[in-house]
Amino acid sequence: MNSPSSGLLPTETLLESLIHESNEIDSVEKLPCLQTRNVSTMVRRIKLLSSLFEEIQENNAPLLPSSILCLTEIFSVIRRVNLLIQACRDGSCLWNLLQTEFVSNQFYVSVKEMGKALDILPLSLLKIAVDIKEQVELLHKQAKRAILFVDAREIEKREELIQIMAANNSLKNKSCIDFGKVEEIFSSIGLKSATDYDAEILKLKVEVHKQAGTGGLVVVSNINYLISLLSYSKSLIFSSEDNEKKIKEDVNKLHAARNLDQTSSSQNAPDEYRCPISLDLMSDPVIVASGHTYDRNSIAQWLNTGHHTCPKSGQRLIHMALIPNYALKSLIHQWRQDQNILEDSRTNNSRKARSEKAVDHISVVKSAADAVKMTAEFLVGKLAMGSTEIQRQAAYELRLLAKTGMDNRRIIAEAGAIPFLVTLLNSNDPRIQENSVTALLNMSIFDNNKVLIMAAGAIDSIIEVLDSGKSMGARENAAAAIFSLSMIDDCKVSIGARPGAIPALVGLLKDGTTAGKRDAAAALFNLAVYSANKKCVVIAGAVPVLIELLMDDKAGITDDALAVLALVMGCIEGLDEIRKSRVLVPLLIDLLRYGSAKGKENSITILLGLSKEGGEEVARRLLMNPRSIPSLQSLSSDGSLRARRKSEALLRLLNRCCSQTYNPVGEQSVRKF
């Protein structure tokens, strides 16, 4: 028996594990449609080894260390083979088809590792039957001679699938896709029914999550495209079969159906192609701010009758613009052609006339989540593969889609948008950059997305946009994104550790618009909550800029600037830097009288901090200012709880300071406390 300290399993446990794993592989009843030869060959090899393991277990004889080491290595190989076969059997067929060479190589590597492990197995010293010994020796020789096998038929199918994907990615319509060929490929790998398609879509979604952190943007994009292709093909292939049966029953009904109103012609349309209001096939789908899609005419009629709420959720409208859903419109158009459904030109003209009279509106409508999901996936596909113009439009639509609704923000992230938006932050196109950083900002409002955005490595690119973005709007929204992300404590640490983050915020504090300065100040405040960041804020030169903003009536960020100053006083560097200012104390005294409630609290906090620990000069300046004592007394009686507590503390401190200095005016003033 091997020692527990050796790092190897006890012999009995090792043999039981080997037999269990081998039996599990041997119990495979149905071989997968892909990697059939590699799987069947590997199952046969493991079955031969299983006889060896059972023989050793029955003999119950002590094993040499080399035998234990060999069996341990074989166990590791068999366990990986078991997982590999499970992935081929239960994983996504389409993904395995695209990975056929990689998967085949994994089988090849496993066989070679098995051969290396058998190199150190002392067969002559094992008490096993002669026939089993001969089988193992034969297996060893075969493993040593094994070559990589890649099924040529699978390669051919894969190339056909790649050609279909490439054709769609390079052209803006789907009319070039041969769905007969698509069905043939899908059928050859086991996708023969609508249920098979649904199961494959679920498996691909699982694969997206697996690849999101390691597979790269192109990999995730390709998988998302396969999901969309499957969904679209399912609606075409299986609805087409139903239509063919109906045509055979009555050809005349088909011709009559072509002249029917839109409502009857869209009876077989997928639910996501119907307007949630009219339930008709949409002719001009538009995306609302929440991400849900309506037919333009239907939602415009609803809004023009005086409604200011969405038809289904009852939520009040937030803003008034409709965004064309080009991706869905293209799909509906393609579906019409495939189904031979022709829209009546009179109906179309009538709708167009009514639509031209309607004023575009947008409502926050809670429609089917799968419509949002479908839209998000197609927009993400445009981000990944589209031209500059298409990427600009897709980023803008995702920006609007993420503007309202936590569900939208979650769904967009699940569609894989974050890595692509992060990549586009480095775009030379100002609008793409601004739309991308704003979309990330909107998505970050959902707390789970904050973690995903940080994990995607977005923060360095966001800081770069903040520091030298192509437009002021991009820089300001980058500051807002940092503010949003820094709501999480771990993010405060991570962002503050970036040497360029805080200086870039201070830079925007200097030259940004009022909104930009406010966003920068808010982000600095959040970061300075973490003690180690306070010193960084001071070193970056924030204190003089903040004091200057207090003197600028047009800046409009007095309360934000005061909040940051009050916070950085928590470090000695901040206190020393604030003490250097000769204009701050008079400003604070005025703010005690005329500032907002929050401004008064922060003003008294700063004054109290300046007056403590060697701040006699500040105390004397307060005593000499005729407005300071009345303002403090007023706060101590009428201010907020925090303001009352701090004003009373400052009055006591001034009282002590006055008692130490002979000053009749001061004494007279202090007696009024």
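Author: Begin with burial. The model is predicted, and buried residues make up 49% of the 673 residues in the protein. The accessible surface comes to about 32,000 Å², and carbon and sulfur atoms account for 52% of that surface.

Reader: How many helices and strands are there in the protein?

Author: The protein has 36 helices and 3 strands.

Reader: What share of contacts between residues at least 6 apart in sequence join residues at least 24 apart?

Author: In this protein the share is 72%.

Reader: Now a single residue. Is N408 buried or exposed?

Author: A residue is called buried if its relative accessible area is under 20%. N408 has 3% relative accessibility, so N408 counts as buried. N408 sits in helix α18, which covers residues 406–414.

Reader: What lies 3.3 Å from a polar atom of the N408 side chain?

Author: The backbone oxygen of L401 is found at that distance, 3.3 Å.

Reader: How do the axes of α22 and α23 cross?

Author: Helix α22 (residues 458–468) and helix α23 (residues 472–485) have axes that come within 7 Å and cross at roughly 140 degrees. Therefore α22 is oblique to α23. The crossing of the two helices is left-handed.

Reader: Which residues make the contact between α22 and α23?

Author: From α22, the residues are I459, I462, I463, V465, L466 and D467. From α23, they are A474, R475, A478, A479, A481, I482 and L485.

Technical notes: Residues are numbered from 1 along each chain as its sequence is written. This is a predicted model: local features need pLDDT of at least 70, side-chain atom pairs count only at pLDDT 80 or more; totals for chains, interfaces and linings use all residues. Side-chain values use heavy atoms; hydrogens and water are left out. Helices (H or I, at least four residues) and strands (E, at least two) are DSSP runs, numbered from the N terminus. Buried means under 20% relative accessible area, exposed over 50%, partly exposed in between (1.4 Å probe, protein chains only). Contact means heavy atoms within 4.5 Å. Accessible areas come from the Shrake-Rupley method with a 1.4 Å probe; for residues, only the protein chains shown count as cover. A polar contact is a pair of N or O atoms within 3.5 Å; within protein, one must be able to donate a hydrogen and the other to accept it, and residues adjacent in sequence count only if both atoms are side-chain atoms. Axes are lines fitted to C-alpha atoms, for helices over the stretch in contact, and angles run from 0 to 180 degrees between N-to-C directions. Angles under 35 degrees count as roughly parallel, over 145 as roughly antiparallel, 65 to 115 as roughly perpendicular and the rest as oblique. A crossing is left-handed if the near helix is turned anticlockwise from the far one by less than a right angle, and right-handed if clockwise.
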